[in-house]
Amino acid sequence: MMKSLWNSFKIAFAMFSKIPMPQADWSEENMRYMLCFFPFVGAAVGVVMLGMEWLCRYFGMSNGFIAVALVLVPVIVTGGIHVDGLLDTSDALSSWRDREKRLEILKDSHAGAFAVITACVYFLTMYGGMSQIVEQDNRKMLYILATGYMVSRCLSGIGVITLPKANASGTVAEFSRKARDKRVRNILVLYLIMLAGLLLWIQPVWGAAVFITALLVFCFYKCKAMKYFGGTTGDLSGYFLCLCEVWIVLVLAVVTAIYKV
């Protein structure tokens, strides 16, 4: 059992990050609990982000430089796999075609005009929110932000397990088939409850605002996925992750500006 869990851990990091991992056999047994370790990729992003911010402060970098560095950390750690989903989904939604055509666009590796526009808006928005956070120079804000990367992945994993699969032959459908659905879902929900407690412990007002925002974004994503695609896919999961994280950054920036501690 322990060997299988260790392999699930390695597969999760190999799939969802660029962090080097030892070789693992991608068998059905080893992939059963892979999604349980998906939030730990978010933990790795958070740790790297905290370390990057500390290093930048130590070397006297400007706030603008630090904000750019923090925006790029998730992309560097994950290889941009989720941003790819955001851009593909943007092209599909902007096509205003029928469901089958939208699903075809998700599979298209070419970036359309709306994907480029979305990328610009996404990174500019992230930079604006991150700049506000960096200027506050408050460690509690950064701890909440780092925790948010785990929250978004818990919700993304829950979506993979619980939502219908828009593409029966897609990656998400394959992961779900090989996962122990009920057990994995329950573990992710347990993680989510623990993370909610951690957020409230760090700072009640800021933590509550971030957690509620993440839940609202998940509800929006669920409705969007069901209405326009008939379920979820790997690209849609990436779309949700990016959407959730950009809203976490924005809400944290606004709430902390209004409610200072």
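Visitor: How many cavities of 30 Å³ or more are there by this rule?
Guide: The count comes to 1 cavity of 30 Å³ or more. A cavity is a set of points on a 1 Å grid over the protein atoms alone where a 1.4 Å probe fits but cannot get out, and lining residues have an atom within 4 Å of a point. This is a predicted model, in which local features need pLDDT of at least 70 and side-chain atom pairs count only at pLDDT 80 or more, while totals for chains, interfaces and linings use all residues. Residues are numbered from 1 along each chain as its sequence is written, and side-chain values use heavy atoms, with hydrogens and water left out.

Visitor: How much space lies in the largest cavity?
Guide: The largest cavity holds about 110 Å³ of space. Its volume is the space filled by probe spheres set on the grid points, which are joined across faces, edges and corners.

Visitor: Which residues are the closest to its centre?
Guide: They are Pro 74, Val 75, Val 83, Tyr 122 and Glu 245, out of the 15 residues that line the largest cavity. Two or more lining residues come from each of α4 (63–78), α5 (81–95), α7 and α12. The largest share belongs to α4, with 4 residues.

Visitor: How do the residues of that lining divide by class?
Guide: There are 10 nonpolar, 3 polar and 2 charged residues in the lining of the largest cavity. Here Ala, Val, Leu, Ile, Met, Phe, Trp, Tyr, Cys and Pro count as nonpolar, Asp, Glu, Lys and Arg as charged, and the others, Gly among them, as polar.

Visitor: Now the pockets. What volume has the second largest pocket?
Guide: The second largest pocket has a volume of about 170 Å³. A pocket is an open set of points with protein on both sides within 12 Å along at least five of seven lines.

Visitor: Which element gives the most to its lining?
Guide: That is α12, which gives 6 residues to the lining of the second largest pocket. Both α7 (113–136) and α12 (234–258) supply at least two residues each. The lining includes Thr 118, Tyr 122, Tyr 239 and Trp 247. By class, this lining has 9 nonpolar, 2 polar and no charged residues.

Visitor: Changing topic: how many helices and strands are there?
Guide: The protein has 12 helices and 0 strands. Helices (H or I, at least four residues) and strands (E, at least two) are DSSP runs, numbered from the N terminus.

Visitor: How much of the protein counts as buried?
Guide: Of the 261 residues, 52% count as buried. Buried means under 20% relative accessible area, exposed over 50%, and partly exposed in between, with a 1.4 Å probe and protein chains only.

Visitor: What about Ser 156, buried or exposed?
Guide: Ser 156 counts as buried because its relative accessibility is 4%. Ser 156 is found in helix α8 (residues 139–162). Apart from its neighbours within four places in sequence, Ser 156 is in contact (heavy atoms within 4.5 Å) with Phe 38, Ser 237, Phe 240 and Leu 241.

Visitor: And what does Ala 146 touch?
Guide: Not counting residues up to four places away in sequence, Ala 146 touches Gly 42, Gly 46, Met 49 and Leu 50. Ala 146 also has its place in helix α8, and at 10% relative accessibility Ala 146 counts as buried. The C-alpha atoms of Ala 146 and Ala 44 are separated by 9.0 Å, although these residues are 102 residues apart along the chain.

Visitor: How many aromatic pairs does the structure hold?
Guide: The structure holds 11 aromatic pairs. Rings of Phe, Tyr and Trp (its six-membered ring) pair if their centres lie within 6.5 Å; planes under 30 degrees apart count as stacked, over 60 as edge-to-face and the rest as tilted. Phe 40 and Tyr 191 form an edge-to-face pair, at 5.8 Å centre to centre and 85° between the planes.

Visitor: Which parts does that pair tie together?
Guide: Phe 40 lies in helix α3 (residues 38–58) and Tyr 191 in helix α10 (residues 181–202), so the pair ties together parts that are 151 residues apart in sequence. Ring pairs also link Phe 9, Phe 13, Phe 37, Phe 40 and Tyr 191 into a cluster.
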